Amino acid sequence: NASATRPGSTPISGSKRLLEEYSVGPTLGEGAFGVVYLCTKRSTGAEVAVKMVDKVETPVEAIKKEAEMLRSMNHYNIVKFHQVFFERCFVCIVMDKYTGGDLVEGLQLHLKERGRISCHDIVHVSSQMGAAVFYLHERSIVHRDVKGDNYLMDRKNITDPKCHIVLTDFGTAYLMKPNERLSAEVGTRIFWAPEFFARNYGMKVDIWAMGIIMYGLLDGRFPFKDETDIKRKEPKIPKRVHPDCQDYLRAMLCKDEENRIS
């Protein structure tokens, strides 16, 4: 079934079963909808990540939509889709595997081994995060669950300039119509922009969430602790952060959606 592994080819693996083609290994993580396992392709020994989504918890149409959306994408900073299997109880989405963990783990490792991260040391992370979101927004797709846990790394050292990161978990992603406003409460509240709480938002919620990630990487904690903070408190950016980086953070964490950078 080689044709199903090429991006752009049909992602539906017909009557084939996941276990015919792959052996299932340990858990890699849990997404908004489903558990991700390490799997090995029997014919080649290649390792992949397989997201298994429970058909009972998530409507099959929604899972199909996620698989189709992933299949349609081709970008260096978006996780690469291979194929999908429709099993009796689960839908299994086969994707590239990343061995470095996520940005949260990258931050924790750096804090433990080398202390706080300098803004100069994560320019490559910031630009790749932005490239992924820009690619989506150009296609009128809002992710709605942009967070450190959903950016995966190809190595454990977050400050390695060669560190390649990809955005994953498209369970909450949505293709927007022109001028459409959204109201669904999805994603992770600590990353919500002020307009998310008003249940009247657009694509810029992803930009705000990127600002929260960047602040966290530089300061080791969240800028806001709750809804009141998110709506009212100005972020306290550490003085050691370079002025250019401070400006960038403030532009992403602008409470007024209109004036927030895009």
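How many residue pairs are in polar contact between domain 1 and domain 2 (both at pLDDT 80 or more)? The count is nine, where a polar contact is a pair of N or O atoms within 3.5 Å; within protein, one atom must be able to donate a hydrogen and the other to accept it, and residues adjacent in sequence count only if both atoms are side-chain atoms. On the side of domain 1 that touches domain 2, helix H2 (residues 60–71) gives the largest share, three residues. Helices (H or I, at least four residues) and strands (E, at least two) are DSSP runs, numbered from the N terminus. The residues on that side of domain 1 comprise nine nonpolar, five polar and two charged. Here Ala, Val, Leu, Ile, Met, Phe, Trp, Tyr, Cys and Pro count as nonpolar, Asp, Glu, Lys and Arg as charged, and the others, Gly among them, as polar.

The model is predicted: local features need pLDDT of at least 70 and side-chain atom pairs count only at pLDDT 80 or more, while totals for chains, interfaces and linings use all residues. Residues are numbered from 1 along each chain as its sequence is written, and side-chain values use heavy atoms, with hydrogens and water left out.

Domain 1 covers 18–95 and domain 2 covers 101–259, with bounds that come from an automatic or database domain assignment. Their C-alpha centres lie 25 Å apart. Between them, 16 residues of domain 1 are in contact with 19 residues of domain 2, contact meaning heavy atoms within 4.5 Å. The buried area is about 1400 Å², of which carbon and sulfur atoms give 66%; this is the accessible area (1.4 Å probe) that two parts lose on being put together, summed over both.

One salt bridge is counted between the two domains, a salt bridge being a side-chain nitrogen of Lys or Arg within 4 Å of a carboxyl oxygen of Asp or Glu. Lysine 51 forms a salt bridge with aspartate 169, and their closest N and O atoms are 2.9 Å apart. A network of salt bridges links Lys51, Glu66 and Asp169.

The whole structure holds 19 salt bridges. One of them joins glutamate 87 to arginine 17, with 3.5 Å between the closest N and O atoms. Glutamate 87 lies in the loop between strand E4 (81–86) and strand E5 (90–95), and arginine 17 in the segment before helix H1 (18–21), so the pair ties together parts that are 70 residues apart in sequence. Glutamate 87 is buried at 15% relative accessibility, whereas arginine 17 is partly exposed at 37%; buried means under 20% relative accessible area, exposed over 50%, and partly exposed in between (1.4 Å probe, protein chains only).

Glutamate 195 pairs with arginine 260 in another salt bridge, the closest N and O atoms being 2.8 Å apart. This pair links distant parts of the chain, 65 residues apart: glutamate 195 is in helix H5, and arginine 260 is in the segment after helix H8 (243–252). Both glutamate 195 and arginine 260 are buried.

Most residues other than glycine have a negative phi. Asparagine 179 has a positive phi, near 60°, and sits in the loop between strand E9 (174–175) and helix H5 (194–197). Asparagine 179 is exposed, with a relative accessible area of 80%. Arginine 199 also has a positive phi, about 55°; it lies in the loop between H5 and helix H6 (205–219) and is partly exposed at 44% relative accessibility.
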